[in-house]
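Here is a short briefing to read alongside your model. Have the sequence and the 3D view open, and let's walk through a strand and some aromatic rings together.

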Amino acid sequence: MREEWTEKYRPVSLSGVVGNDDAIRAMRRWAEAWRKGPPKRRALVLRGEPGTGKTSSALALAGDFGWDVIEMNASDHRNADSIRRVAGLGAISETFSPNGEFLTTAEGRRKLIVLDEADNLFGREDYGGARAIVETIRETSQPMILIVNDYYALTRKASAVKTLAENVWFRRLDGRVVESVLERLCREEDVDVDREVLERVAINAGGDLRGAINDLQMLVEGRQVIGSADADALGKRNQEVELDAALREMFGARTARDARNATFGIDKTPDELILWIDENIPLELRSPSEMAAAFDALSRSDVYLRRTRSLQHYGLWTYAREMMTCGVAMSRREGRRHTPSRYNFPGYLIMMSRSKGNRASRAALCSKLAPIFHSSSRQVRTSMLPYLRSLSRRDRQLLVKIGVDADLDEGDVAFLLHEDPGSKTVDSVVSEMRQLRTGNHEPYVSGNEKALTKRRKRLSDF
Ligand SMILES: Nc1ncnc2c1ncn2[C@@H]1O[C@H](COP(=O)(O)OP(=O)(O)O)[C@@H](O)[C@H]1O
Ligand SMILES: [Mg+2]
């Protein structure tokens, strides 16, 4: 199972949060004040760009001060009632546990109420939700933290928050700070990544540490050494500003025509564009039904792309393009839009670029095997290779025999065995191949034949 590095390395104490020193200091000061009972401003609003440590800092603060946390992701609970229920219980009475159970012995422990994504709280015109927040801040005897990307989306509906809560700004992190965090992660993960690559990842992230960590993990996953060439998949990102704007316009389009036109100016074929849309639908369309509708449109688009390729009829691209732009944009049902600060680079392209070397060696292997199987190398790749790899691991002698016949080298053998070149098994197979080539060997007998011979012998003895 893949563990997200962003979770693995989430700071557990405020001292582990990098950058934004002023913000951290202000948070500590506010929490200190609670020691003497509720201060004048009972809530903090942490505002700023995604991936700068807002959520982590709120949780770390609670940890540092020994507070319980009642965490609400505001976009999951869209109405006033649930805010009152969840926030109200923990905030106003001290007799409920973090999971809402009634506690007979009320402890003195404080409960920090964290309302994440408080700017997404109000679906349509849910002023009731806004009122509930304001009332809760007014009445609470417990500390509250509201987290927002878009402060004005919150204060437009809950303007009292402006005076009731203290503002704490989280700024985009400096590129060098991001780079140093990436460096540390590489050390801890024991991977060797070219400096240039780290720098590029850091710059591309534009101050979003979460994004940078995700990119790094995607890039190094399962490997020990990353050279500068490996960053090519990301390198193009700097030139993707136009694409970014086009996607933004497309996802936000109100009419099908606008959605389609948004992507006309960019230099991407529908085959490439669909990857970008695919990767970013979950960032834009968060409700399950909208997401389902969008992916449904995308799957139809994909059918057209496939037909375009197989029929070589590029007229079909129009349909593919319409399904992926209009179809996706029109899947949006709610007025409120989640706009990511930047779009993700398609994971598929990163994967393909990473596996380039691997695919090249597989192609070379298949073309060596093709003649001895009397078939095309494509046939070998699609229908024989998996079996061959499985057989190779079970039947050493078969592998040696094939190795000699097809003139395989160490790399080929390693590929078939799923091993690293130079491993003990690979070495011994290669040396057996060498012996076989020089005629210094026993004839090949499969396990089955051995058993048969034995049985025959037993029969004849009988
Ligand atoms: N300032 C920071 N210091 C350390 N890690 C950070 C910082 N900002 C972000 N991260 C990393 O990125 C992840 C996401 O950060 P998060 O606190 O959720 O950001 P936000 O809430 O501002 O979007 C964290 O789990 C952590 O791994
Ligand atoms: Mg957050």
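Two strands count as paired if DSSP finds at least two bridges between them. Please keep in mind that this is a predicted model.

- Strand β1 covers residues 43-48, and six of its six residues are buried, so the strand is largely enclosed by the rest of the structure.
- In a regular strand the side chains alternate between the two faces of the sheet.
- Both faces of β1 are covered: one side carries Ala-43, Val-45 and Arg-47, the other Leu-44, Leu-46 and Gly-48, and all of these are buried.
- Strand β4 (residues 144-148) runs parallel to β1, and five bridges join the two.
- On the β5 side, Phe-170 stands opposite Gly-48.

**Aromatic pairs**

- Searching the whole structure turns up eight aromatic pairs.
- One of them is Phe-251 with Tyr-343, a stacked pair with 5.8 Å from centre to centre and 25 degrees between the planes; planes under 30 degrees apart count as stacked.
- Phe-251 belongs to helix α12 (residues 241-252), while Tyr-343 sits in the loop between α16 (317-329) and α17 (347-354), so this pair ties together parts that are 92 residues apart in sequence.
- Phe-251 is buried, at a relative accessible area of 1%, and Tyr-343 is buried too, at 4%.
- Tyr-314 and Trp-317 make an edge-to-face pair, with centres 5.0 Å apart and 85 degrees between the planes.
- Tyr-314 is partly exposed, with a relative accessible area of 43%, and Trp-317 also counts as partly exposed, at 23%.

**An aromatic cluster**

- Which residues gather into one aromatic cluster? They are Trp-30, Trp-34, Phe-65 and Trp-67.

**Arginines over rings**

- Arg-47, one of the buried residues of β1, lies over the face of Tyr-152, at 5.9 Å from the ring centre.
- Arg-307 lies over the face of Tyr-304, at 5.8 Å from the ring centre.

Methods. Residues are numbered from 1 along each chain as its sequence is written. Chains are lettered from A and ligands numbered from 1 in the order in which they are written. This is a predicted model: local features need pLDDT of at least 70, side-chain atom pairs count only at pLDDT 80 or more; totals for chains, interfaces and linings use all residues. Side-chain values use heavy atoms; hydrogens and water are left out. Buried means under 20% relative accessible area, exposed over 50%, partly exposed in between (1.4 Å probe, protein chains only). Helices (H or I, at least four residues) and strands (E, at least two) are DSSP runs, numbered from the N terminus. Rings of Phe, Tyr and Trp (its six-membered ring) pair if their centres lie within 6.5 Å; planes under 30 degrees apart count as stacked, over 60 as edge-to-face and the rest as tilted. A charge sits over a ring if NZ of Lys or CZ of Arg is within 6 Å of the ring centre and within 35 degrees of the ring normal.
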